[in-house]
Amino acid sequence: MNIELLTVHSARTAVLEKQITATALVDAFYQKIEAEDPAIGAYLTLCKDRAHRQAERVDALADKGDALSPLAGVPIAIKDVLATKGVRTTAGSKILDNFISPYDATAVARLEAAGAIVLGKTNCDEFAMGSSNENSGFHPVKNPRDHSRVPGGSSGGSAAVVAAGTAVASLGSDTGGSIRQPGAFCGVVGLKPTYGRVSRYGLIAFASSLDHVGPFGKTVKDVALILQHMAGRDPLDSTSADLPVPNYMQQVGEPVKGLRVGVPTEYFGEGLDPEVRAAVEAGIQELAKAGCEIVSVSLPHTEYAIPTYYLIATAEASANLARFDGVRYGIRAKEAKTLAEMYCKTRDAGFGTEVKRRIMLGTYALSSGYYDAYYLKAQRVRSLLARDFDEAYAQVDVIVTPTTPTPAFKLGEKSDDPLAMYLADIYTVTANLVGVPGITVPCGNSKGGLPIGLQILGKHFDEATVLRTAHVVEHALAEKVG
Amino acid sequence: MVSEKDVSYVADLAHLELTTEERARMLKDLNSILGYIERLNQLDTSNVEPMAQVAGRYGASSETTGGTFEYVMRPDELRPSLPHDEAMSNAPQTDGTFFKVPKVIER
């Protein structure tokens, strides 16, 4: 069996039909990880005992001939910002180098309850702050399609394991594009659901009004299946929405005839790589062929999204990261004589450069005398961005854009220029500020063989239409993507 | 423009010490990022409400509870929580009951 090609559906079928036991499948994945992951660096921690216990449970049920749960035996990987009970959970930071979570994130617990097998924890930019994975406190991740290039970030490890076939699917988090951008760079499907669709209990907080949990998969159906089994109200997360979860799988594959597809002019302007433009336009052509009505729309405040995002995200981060002080968990600087000194030395030693930069920017934006000019100003512009989307969605059902302005860049190319790095998220941050769902789906390759992603944004809580549209693009362009 | 003094003040607020090199780098980076952020002032937002979070704007009503997505209430009932020993299990230093920290006040 070529495990590299397994999808969520085919992995479960293989176990169900006893082509392979869940235990043997897990062993095969660990062999592949041990052989191939050192060159990529996507895993930070493997949880073999936990995976084997879960595989044995699945095998015992299969032996008895009991009905298997919907994700039974599917090997997945979890971004290391999601808590996993009894397993090291670092958020990619040295400050949590030794942290063993005493509880599970709801998203992880729900997937395991549906039968999925957690293989391990994936590398990411420290506290999910970055667009290249070079900000990991441990080591960078390499793009499986080209080892000289970044996999994107911050969920670079979770995108890379799906691209490399060292997990069937994975979970990431997306605060400004951290699922969709690496999904595009690695040539896989990545979904950021609507704000409130998936519980964030157990997600190590970066910017609470922008943080989302979502899946990566090889196919649109795979991410639909994963979403299906983790979405919905969670009493442990008061920001999770108490709304019914539709049957996504039923809608994927349905026709899109008559669907109104918005194409925002602001997303096709200066800075967009011509090859990315051509590939995304080809995707839009396919939607037109499938009977969609293509409508030109305007999101006039787009150019203000990045500055708005970097004020709000850093302000919230500076508050969220105050908890890392060496008292209750994580590392503690030893040589400090007073409590205040211990806080500073611990944080100085534990945080990397980008995290310190964002804490500083956020603290500055919230500090007395600057609050109105920066933080409050950004919140007002956030309203304008939301208004842009309200107006566009009065005309269209979904919005199609490039996921990123360029294909994956080289390791080291932007690591000394924070602003250039921030601009890698130019097409993705707005969905976080406004809370709408978004997906990236591969739509072609550059001449150099690098994947290109097409982004589809939907209305709040309308993941079903986003998935349905993405499925059409995926199938129409299957040959181009290869 | 952020000054060296601002960097020291903000580092203090954030409980970061930063090395001399880090402070110099921070001064340069913060000024470059804030320079870019300046463009928000091109927009007149005097009549625009601030948006703190998504749920406030798109608070979808629940069909089952009649409550909204933004303000969720639950009965104030005692529920199991993380056991004491598990909550303490990651602490760098404890006396078995409490977290231990260095001296707070010098005598």
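This is a predicted model: local features need pLDDT of at least 70, side-chain atom pairs count only at pLDDT 80 or more; totals for chains, interfaces and linings use all residues.
View 1. Buried means 20 or more other C-beta atoms within 10 Å of a residue's own; exposed means 12 or fewer, partly exposed lies in between, and C-beta atoms are placed from the backbone. Phe127(A) sits in the loop between E3 and H5 of chain A. Its phi is near 50°, a positive value in a residue other than glycine. Helices (H or I, at least four residues) and strands (E, at least two) are DSSP runs, numbered from the N terminus.

**View 2. A cis peptide bond in chain A.** The bond runs from Gly153(A) to Ser154(A), with omega near 5°. Ser154(A) lies in the loop between strand E3 (117-122) and helix H5 (156-164).

**View 3. His15(B), between two helices of chain B.** His15(B) is not a glycine, yet its phi is positive, about 55°. With 21 other C-beta atoms within 10 Å, His15(B) is buried.

**View 4. Where chain A touches chain B.** Here 58 residues of chain A are in contact (C-beta atoms, placed from the backbone, within 7 Å) with 50 residues of chain B. H13(A) gives the most to the chain A side, with 10 residues.

**Numbering and confidence.** Residues count from 1 along each chain as its sequence is written, chains are lettered from A and ligands numbered from 1 in written order. Local features need pLDDT of at least 70, side-chain atom pairs count only at pLDDT 80 or more, and totals for chains, interfaces and linings use all residues.

Definitions and conventions: Two residues are in contact if their C-beta atoms, placed from the backbone, lie within 7 Å.
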